[in-house]
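The points are numbered and may be read in order.

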Amino acid sequence: MSSEIVVIGSLAYDTISTPSGKKDRTLGGSANYFSVASSLFTKVNAVGVVGEDYGDNDINVLKNRGVDVSGVQIVPGKTFHWEGKYEGDLNEAVTLATELNVFADFKPQLSKEYSKSEFVFLANIDPEIQLEVLEQVDKPKFIACDTMNFWIETKKSDVLKVLSKVDAILINETEAMMLTKAPNAVSAAKEISKLGPKIIVIKRGEYGFMLFQEGNFFILPAFPLETIVDPTGAGDTFAGGFMGYLSKMNHPFKEEDVRSACMYGTVLASFTVEDFSLGRIKNLPLDQVETRLKEYKKVVTVPKA
Ligand code: AMP
C-alpha cells in the first residue's frame, strides 16, 4: 500500500468555450485530470461515479495509465456534466451549467484495500461526499483537498468541516478570497491556515501559485506559454503532480519537498492547457515533464555568475 493515492472526484463530460473554439461533451472531471497526472509517479485508485453514457474509450484513459478504476461505479443515468466558458480572462472559468446527474445520489464506498491508501486526495466534488470518504479511510499519512465557488456558495459549512480534517488544500485565488472574505491571496492563505490545513497552495492561473507553509511563502509564476487552448483541468493536474511527487517523498515532508511538488504541479498543468480536455496529457511521458521542468527552472532561477 505504500505511496498509493486514493482520489475521489468528478468524472465528467464538459462543454467548453475558449477563444480557441468550442467542444461539446468532451472528457473532463477533477478525478480524471488528477489521476492522469499523479499516475506518472505512483499507483492511483480512483473513486467516483459515471452514467451508462460514459464511453469505454473514456474509462480507458485512466486504465491506460494503470489507474485502478474498480472504485468507479457505473449506474443508470447520465454522467456529471459541466459547461463553462473563458472569455477575456483565461484564468477564470464562468460556469454556465452544472448538472450533477449521477453524482446527486452518489454514496462513495471504499474497498478495504483503498481505505488503506496512505495518500488521499479529495478533488473538487460535493464536500459531503469528501467527508464520507474521510470516514472510510484508515489513518492516511497525508490528506489534501480542493474545492470551488459552487460548493463554497452552496455548502460552506461542509467545506469548513473538510478543511478542519486535511493536511493541505489547493484552491484558486478567487475561491480562497471568497472562502475567507480576505482582500488578497496573502491574507487568504493566512486565514485558511487557521481553519486546519498546514499547507496551503493558492493557484493563480498564468501567474502561477503561492505556497504557504510554516509561516513561509514560496511564490512562482506558471511555465510561460504563448497560447493557452483550454485552461480547464489545470488545477486538478497541478494537484496530481503535487500529490504524485509527494507520495514518493519521506513523510513528514521537508519544506523543500513541498516546494518541489508545486513545481511539478505547475509544469504538468502547463501541458494540460495546451489542448482541450485531456488531449495533451493522457499519453504524456514523465521524461517530457522532466525536460520542461529543466526549462522552467531556467525561467525562475538566477544563473550563477
Ligand atoms: P479545474 O482544474 O478547476 O479547471 O477543474 C475543471 C474540472 O472540474 C472540469 O473538468 C469539470 O468537469 C469539473 N467541475 C466543474 N464544476 C464542478 C463541480 N461543481 N463539482 C465537481 N467537479 C466540477
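1. How far does a polar side-chain atom of Trp151 lie from a nitrogen atom of the ligand? The separation is 3.3 Å, a polar contact being a pair of N or O atoms within 3.5 Å, where within protein one atom must be able to donate a hydrogen and the other to accept it, and residues adjacent in sequence count only if both atoms are side-chain atoms. The protein covers 92% of the 510 Å² of accessible area that the ligand has on its own; such areas come from the Shrake-Rupley method with a 1.4 Å probe, and for residues only the protein chains shown count as cover.

2. On the basis of these values: the model is predicted, so that local features need pLDDT of at least 70 and side-chain atom pairs count only at pLDDT 80 or more, while totals for chains, interfaces and linings use all residues. Residues are numbered from 1 along each chain as its sequence is written, and side-chain values use heavy atoms, with hydrogens and water left out.

3. Two further polar contacts involve oxygen atoms of the ligand. A polar side-chain atom of Asp14 lies 2.4 Å from a ligand oxygen atom. For Gly233, a backbone N or O atom lies 2.8 Å from an oxygen atom of the ligand.

4. The ligand is surrounded by 19 residues, of which the closest are Ser10, Asp14, Gly29, Gly233 and Asp236; a residue is near a molecule or strand if one of its heavy atoms lies within 4 Å of it. This shell divides into nine nonpolar, eight polar and two charged residues. Here Ala, Val, Leu, Ile, Met, Phe, Trp, Tyr, Cys and Pro count as nonpolar, Asp, Glu, Lys and Arg as charged, and the others, Gly among them, as polar. Helix 9 gives the largest share of the shell, three residues. Helices (H or I, at least four residues) and strands (E, at least two) are DSSP runs, numbered from the N terminus.

5. Axes are lines fitted to C-alpha atoms, for helices over the stretch in contact (heavy atoms within 4.5 Å), and angles run from 0 to 180 degrees between N-to-C directions.

6. Within this sheet, strand 2 and strand 6 run parallel and are joined by six bridges, with Thr15 opposite Glu83 in strand 6. Strand 6 and strand 7 (residues 94-99) run antiparallel and are joined by five bridges; His81 stands opposite Glu99, and Gly84 opposite Thr95. A hairpin connects strand 2 to strand 3 through two residues, and Ser17 has Lys22 in strand 3 as its bridge partner.

7. A second open sheet has nine strands in the order 5-4-1-8-9-10-11-12-13, again with mixed pairing. Strand 12 (residues 209-213) pairs with strand 13 in the antiparallel sense over five bridges, and Phe209 stands opposite Leu220 in strand 13. Helix 7 (residues 173-180) lies across strand 10 (168-172) and strand 11 (199-203), at about 110° to strand 10.

Conventions
Two strands pair if DSSP finds at least two bridges between them.
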